[in-house]
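Hi,

Here is the structure I promised to send over.

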Amino acid sequence: MYNAPVLLACLIKNGLNAHVYQCNILLQAYINSQALSDAHKLLHFIPRSSVVSYNTILSGYFKFGLVSQAIKFFDETPKRDCHAWNMVLSGFVKNHKLGEASIYFMKMRSSSVRPDSFTYSTVIPGCDLGFGRQLHADIVKVCSDLDAFLGTNLFRMYAEAGEIGDARKVFDGMPSRDFVTWDAMISCYSKYGMGEMSVELCRELGGEGISADEYTYAIVLNEFAARWQVFEAMQMHSLIIQRGFC
């Protein structure tokens with residue numbers, strides 16, 4: 001901690017307190033030392049503070065679980081970028097304040113800051129089907145590409161609401177799908193008793209050259225067992241052993 005005051009003294013002595021980059025480094029040092037009050041004082045001391053300066057302190061509040069103080073600071077902040085909004089939305093969701101997350105998302109949409117894919121990925125898991133459909137329409141307009149992380153959260157939202165058909169449409173429309181995406185869709189089918197679709201999707205997964213994990217194999221193996229498909233179950237068991245999962 002002693003390094004932060006020493007650095008501040010050096011900045012003042014050398015007339016560098018007007019240099020935002022050096023001051024932001026010092027702000028981060030205070031945050032790392034849990035000296036939020038000192039960071040606040042320094043912020044007012046910087047002649048031309050940047051959005052990074054404000055975001056550094058905002059991240060400190062969330063880092064130490066001071067959600068109400070973080071929101072108060074954010075509301076009073078004159079400089080906000082997409083990263084700042086995302087931190088606030090993520091803070092609400094992590095602390096199960098889904099109503100507040102929705103309210104602040106709407107505030108963001110009314111501001112001059114444009115949401116990005118991370119913004120939508122943060123808000124989607126906590127919304128109901130009606131609001132989720134609105135977000136989906138927004139995503140189509142705003143996001144040029146539906147990346148794997150955002151797409152997976154989107155179809156999970158539909159699946160959680162029982163709209164498995166809409167979930168599959170999102171899955172099929174994704175330009176890129178990683179293993180997590182495939183695994184999530186297979187799990188959705190399994191959850192709703194659509195084991196045959198889980199098996200079919202697992203076969204497609206192999207055709208894409210993506211290796212399944214033990215959880216995916218367990219879903220398919222249980223499906224074969226439930227249908228008394230002994231030969232297929234034995235084949236799957238052999239594959240599980242070959243992959244070193246058993």
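Arg133 is partly exposed, with a relative accessible area of 36%. For the cut-offs: buried is under 20% relative accessible area, exposed is over 50% and partly exposed lies in between, using a 1.4 Å probe and protein chains only. Before you dig in, note that this is a predicted model, where local features need pLDDT of at least 70 and side-chain atom pairs count only at pLDDT 80 or more, while totals for chains, interfaces and linings use all residues. Residues are numbered from 1 along each chain as its sequence is written, and side-chain values use heavy atoms, with hydrogens and water left out.

Back to Arg133: its side chain meets that of Glu163 in a salt bridge, 3.9 Å from N to O. By salt bridge I mean a side-chain nitrogen of Lys or Arg within 4 Å of a carboxyl oxygen of Asp or Glu. This pair links distant parts of the chain, 30 residues apart, with Arg133 in helix H9 and Glu163 in the loop between helix H10 (148–160) and helix H11 (164–173). Helices here are DSSP runs (H or I, at least four residues), numbered from the N terminus. Glu163 is partly exposed as well, at a relative accessible area of 30%.

The whole structure has seven salt bridges. Another one joins Asp172 and Arg168, at 2.9 Å from N to O. These two sit four residues apart in helix H11, so about one helical turn separates Asp172 from Arg168. Asp172 is partly exposed at 45%, whereas Arg168 counts as buried at 14% relative accessibility. There is also a network: salt bridges with shared partners tie together Arg133, Glu163 and Asp166.

Now for helix H7 (residues 98–110). Its 13 residues reach 19 Å from first C-alpha to last, close to the expected 18 Å (1.5 Å times one less than the number of residues). Which residues of H7 are buried? They are Ala101, Tyr104, Phe105 and Met108. These cover an arc of only 110° around the axis, so they lie on the same side of H7; the arc is taken from the directions from the helix axis to the C-beta atoms. The buried residues of H7 pack against helices H5 (67–76), H6 (82–94), H8 (117–123) and H9 (129–142), with contact meaning heavy atoms within 4.5 Å.

Cheers
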